[in-house]
Amino acid sequence: MPLSQSDKKDFIDGWIVVVFAEHAEKMESQELEAMHSWSREEIERFSEIGNQTIKTSWCVGRYLQRSILSVLMEVEPDNLTFEYGKYGKPFLHGSDVNFNLSHTTGCTMLAVSAQGGIGCDIEIAYQPVPNFNLVSNSF
């Protein structure tokens, strides 16, 4: 769903956007169709991934990254130019918008900030996690 002008203004004024996407372990047609907006480097990197589950997570991540950032920045997805930092973290060429992408089996998360650096991590909990009230203690 496209962002309203008010939502875009709120984002630009400093809001943080976090998007979660649950997905199958096999790519859906929507993700495959999004490949037309990928750069040559993204296509090469994608083709080098052998594991289907990782390939799907990577594809969904790129789909989220390009689709959400293009809406927020009001450009076509294939007009976004990504560069990569020293440790491989992508960033948008010539932009103050920061984002981070994390994925695990069946789930992908994208966090975007207009305020500065941002990070996110998503993992599968193989054991029940006790309720430590982390949010109320951390923020």
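First a term I need: buried means under 20% relative accessible area, exposed means over 50%, and partly exposed is in between (1.4 Å probe, protein chains only). Also for the record, this is a predicted model, where local features need pLDDT of at least 70, side-chain atom pairs count only at pLDDT 80 or more, and totals for chains, interfaces and linings use all residues. Residues are numbered from 1 along each chain as its sequence is written, and side-chain values use heavy atoms, with hydrogens and water left out.

**Entry 1: the chain overall.** I looked up the parts list and got 5 helices and 5 strands. Helices (H or I, at least four residues) and strands (E, at least two) are DSSP runs, numbered from the N terminus. Going along the sequence, I read the pattern α-β-α-α-α-β-β-β-β-α. The chain has 139 residues, and 35% of them count as buried.

**Entry 2: the sheet.** Which strands make up the open sheet, and in what order? I found 3 strands in the order β1-β5-β4, with antiparallel pairing. Two strands pair if DSSP finds at least two bridges between them. At the edges sit β1 (16-22) and β4 (98-104), each pairing on one side only. Neighbouring strands here are turned by 10° against each other on average, direction ignored. (Axes are lines fitted to C-alpha atoms, for helices over the stretch in contact, and angles run from 0 to 180 degrees between N-to-C directions.) Between β4 and β5 (residues 107-113) I noted 7 bridges. One detail I liked: threonine 104 has cysteine 107 in β5 as its bridge partner.

**Entry 3: a helix across the sheet.** Helix α4 (residues 52-73) lies across β1, β4 and β5, and runs at about 30° to β5. Contact means heavy atoms within 4.5 Å.

**Entry 4: salt bridges.** How many salt bridges does a search of the whole structure find? The search gives 2. A salt bridge is a side-chain nitrogen of Lys or Arg within 4 Å of a carboxyl oxygen of Asp or Glu.

One of them joins arginine 40 and glutamate 41, with the closest N and O atoms 3.8 Å apart. Arginine 40 is exposed, at 60% relative accessible area, while glutamate 41 is partly exposed at 46%.

Arginine 66 and glutamate 42 meet in a salt bridge too, at 2.8 Å from N to O. This pair links distant parts of the chain: arginine 66 is in helix α4 and glutamate 42 in helix α3 (residues 40-48), 24 residues apart. Are these two buried or exposed? Arginine 66 and glutamate 42 are both buried.
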